[in-house]
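Subject: Structure handover

Hello,

Here is the structure I promised to pass on. My notes on what turned up follow below it.

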Amino acid sequence: MTAPTNMDQTQQATIVGYQSRPVTKPPNWHGLVTLDMVLNNLSTGLFLVGAIGELADPVAFGPLAPLVYPLALLFLLGDLVSLVLDLGDPKRFHHMLRVWKPSSPMSLGTWVLAAYAVPVTLLAVASVLPFAIGGVGFDLVRRILLAVGSVLAVIVAAYKGVLFSTTAQRGWEEARWLGGYLINSALGLGAAALLLLATLTGHEAALMDGLRLAARLLLALNLVAIVLLARDVRAPLRAAHGADGIAGLALLAIGAGVLLPFLLVGARGPVGVAVALGLMLAGAIAVRHAIVQMPHRLAGMPHG
């Protein structure tokens with residue numbers, strides 16, 4: 001048997017040195033992406049709950065329109081600002097609109113986000129300045145905008161979950177339930193936000209009771225979505241955060257973000273509902289930031 005040459009030893013060392021290292025470089029995505037995801041879900045969730053409610057019962061939900069759609073537009077503008085700043089070069093967003101590639105989650109998401117902005121903006125203007133857009137036929141146009149905007153809002157709320165899970169980044173590629181979690185979280189945040197607006201403006205008890213029930217049902221579904229998402233990413237999550245980090249994240253995401261709000265949304269005054277919404281936001285931010293940061297925390301760690 002011949003002794004290994006220096007070249008053989010070098011090749012073996014190279015193979016051993018690289019075989020356990022990640023083949024992808026973590027993206028330069030940090031806090032702005034977390035903020036982008038939260039504002040995205042606040043806009044789409046508030047729009048969805050308000051639009052579906054208005055389509056089902058325009059008499060009860062219509063009076064909330066002057067608050068719902070302008071707020072949804074403000075959240076959307078914040079989302080777009082965060083997205084453009086995170087891209088580093090504002091022209092990149094414009095460049096993405098020059099290409100139509102529906103098979104790419106990023107291309108499709110960019111186009112749907114731009115399309116979603118249209119009904120949100122028109123409905124916000126019509127709600128704040130009803131004399132600017134009116135007439136006999138506008139009720140039909142309004143309902144079309146609500147229906148089309150709702151479909152677009154569902155896609156906008158969920159597309160980042162699809163985008164993350166179709167990458168080769170560790171921790172993201174396993175997150176198959178991220179899109180489902182995001183759309184459910186958006187609806188839960190939207191229901192709680194609309195409930196707070198209804199409570200602050202003193203709307204009828206029947207409307208608020210329905211919103212309380214919807215918020216509680218969505219919180220229960222959110223718990224299921226968190227468990228399914230955690231099951232998907234349990235291995236990279238454990239490697240990235242350790243046992244103590246996972247325990248703290250679970251406390252924020254489930255204890256503060258789901259269980260306490262489930263109790264507090266039943267409060268009759270605005271304080272309890274406001275606290276519930278704040279806790280839901282804290283849990284939502286914790287989950288999203290943990291997902292965003294996983295590739296960075298796992299960089300350089302061997303695959304388990």
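This is a predicted model: local features need pLDDT of at least 70, side-chain atom pairs count only at pLDDT 80 or more; totals for chains, interfaces and linings use all residues.

**Other salt bridges**

The count comes to 3 salt bridges.

Another one joins Asp 36 to Lys 160, with the closest N and O atoms 3.1 Å apart. Asp 36 belongs to helix H2 (residues 31–56) and Lys 160 to helix H7 (residues 138–165). This pair links distant parts of the chain, 124 residues apart. Are these two buried or exposed? Asp 36 has 3% relative accessibility, so it counts as buried. Lys 160 has 6%, so it counts as buried too.

Then there is Asp 209 with Arg 212. The closest N and O atoms are 3.1 Å apart here. Both residues lie in helix H9 (residues 205–232). They are 3 residues apart, so about one helical turn separates them. Asp 209 is partly exposed, at 37% relative accessibility. Arg 212 is buried, at 7%.

**Nonpolar core**

In soluble globular proteins, nonpolar side chains tend to be buried together. In this model, the largest nonpolar core holds 80 residues. Which of its members touch the most others? They are Phe 47, Tyr 69, Tyr 181 and Leu 194. Helix H8 (residues 178–200) contributes the largest share of this core, with 14 residues.

Setting aside neighbours within four places in sequence, Phe 47 is in contact with Tyr 69, Ala 72, Tyr 116, Val 120 and Leu 123, among others. Its contacts also include Leu 145, Leu 146, Gly 149, Ser 150 and Ala 153.

**Nonpolar surface patch**

Leu 32, Leu 35, Val 81 and Leu 85 make a nonpolar patch of about 340 Å². Helix H2 and helix H4 (65–87) each supply at least two residues of the patch. Leu 32 is in helix H2.

Best wishes

Notes: Residues are numbered from 1 along each chain as its sequence is written. Side-chain values use heavy atoms; hydrogens and water are left out. A salt bridge is a side-chain nitrogen of Lys or Arg within 4 Å of a carboxyl oxygen of Asp or Glu. Helices (H or I, at least four residues) and strands (E, at least two) are DSSP runs, numbered from the N terminus. Buried means under 20% relative accessible area, exposed over 50%, partly exposed in between (1.4 Å probe, protein chains only). A nonpolar core is a set of buried Ala, Val, Leu, Ile, Met, Phe, Trp, Tyr and Cys residues joined through side-chain atoms within 4.5 Å. Contact means heavy atoms within 4.5 Å. Patches are made of residues with over 30% relative accessible area and no salt bridge: like charges are joined within 9 Å, nonpolar side chains (Val, Leu, Ile, Met, Phe, Trp, Tyr) within 5 Å. Accessible areas come from the Shrake-Rupley method with a 1.4 Å probe; for residues, only the protein chains shown count as cover.
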